Amino acid sequence: MSAPTRPDSPVRLEALIGALKGRGILTEDELTARQAQTDCASPEIGARMVARAWLDPEWRRLLLSDGSAAAEAMGVSMAGAPPLGVLEDMPRRHHLVVCTLCSCYPRAVLGYPPHWYKSFAYRARAVRDPRGVLAEWGTVLPKGVEVRVVDSTADYRWMVLPLRPEGTDGWSEDRLAAIVTRDALVGVALPQVTPRTVAV
Ligand code: FE
């Protein structure tokens with residue numbers, strides 16, 4: 001007996017989009033606008049938000065209390081996007097973001113999620129063994145630092161406000177933003193002050 005034929009992903013996607021349009025849940029214009037918005041987004045937006053929070057206490061308060069309002073204040077349209085929450089790392093608390101169900105990610109401020117973020121392995125292991133996952137990124141936290149794994153969902157998207165690294169006193173916003181990577185914004189890595197960034 002031959003195996004049943006299964007439609008491949010593009011076919012399923014088209015069928016899903018067709019069903020959503022047919023029920024009046026989604027229009028072609030909305031789909032195009034959302035894709036265009038994500039195409040324009042990149043982790044540089046999130047990095048800028050973090051760098052500003054390291055420098056400006058008032059901005060930091062806004063970012064932590066209402067991430068969507070902070071994004072809007074930076075010119076990012078959050079229309080139709082789920083609320084953005086920002087997790088504040090502390091000396092004894094580190095946050096790691098995962099979507100255990102699928103691939104929920106703050107696309108408006110980070111762009112498209114990397115492949116590994118969507119993988120079953122990351123989604124499962126981030127919960128089961130977060131320190132093991134972090135170690136694979138070379139992220140070893142000091143003893144006594146709690147790791148909080150936070151589930152990004154269709155209702156709420158999360159990004160991390162990492163701790164500002166030592167050795168960055170007097171740095172400009174641009175220089176600080178340059179050390180905040182995509183991976184740091186979901187908590188698998190920490191901002192690093194490397195010889196290259198020091199020399200900027
Ligand atoms: Fe998801």
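How do the residues of the lining of the largest pocket divide into nonpolar, polar and charged? The lining has 20 nonpolar, five polar and five charged residues. Here Ala, Val, Leu, Ile, Met, Phe, Trp, Tyr, Cys and Pro count as nonpolar, Asp, Glu, Lys and Arg as charged, and the others, Gly among them, as polar.

## Basis

This is a predicted model, in which local features need pLDDT of at least 70 and side-chain atom pairs count only at pLDDT 80 or more, while totals for chains, interfaces and linings use all residues. Residues are numbered from 1 along each chain as its sequence is written, and side-chain values use heavy atoms, with hydrogens and water left out.

## Overall build

The protein has twelve helices and four strands. Helices (H or I, at least four residues) and strands (E, at least two) are DSSP runs, numbered from the N terminus. The C-alpha atoms fill a box of roughly 65 × 40 × 30 Å along the principal axes.

Of the 200 residues, 40% count as buried. Buried means under 20% relative accessible area, exposed over 50%, and partly exposed in between (1.4 Å probe, protein chains only).

## Iron site

The iron ion has protein donors from Cys 99 (SG), Cys 102 (SG) and Cys 104 (N and SG), at 2.1 to 2.6 Å. Donors are N, O and S atoms within 2.8 Å of the metal (3.2 Å for Na, K and Ca); water is not among the atoms, so sites may look incomplete. Along the chain, the donors follow the spacing C-x2-C-x1-C.

The arrangement is irregular because the four donor atoms subtend angles of 80 to 134°. Four donors count as tetrahedral if all angles lie between 85 and 135 degrees; four count as square planar and six as octahedral if opposite donors are over 155 degrees apart and all others between 65 and 115; anything else is irregular. Cys 99 is buried, at 1% relative accessible area. Cys 102 is partly exposed, at 32%.

## Helix H1

Gly 24 follows H1 and has a positive phi, near 75°.

## Loop residue Thr 194

Thr 194 is found in the loop between helix H11 (182-185) and helix H12 (195-199). Thr 194 is partly exposed, at 29% relative accessibility. The C-alpha atoms of Thr 194 and Ile 179 are separated by 8.8 Å, with the two residues 15 apart along the chain.
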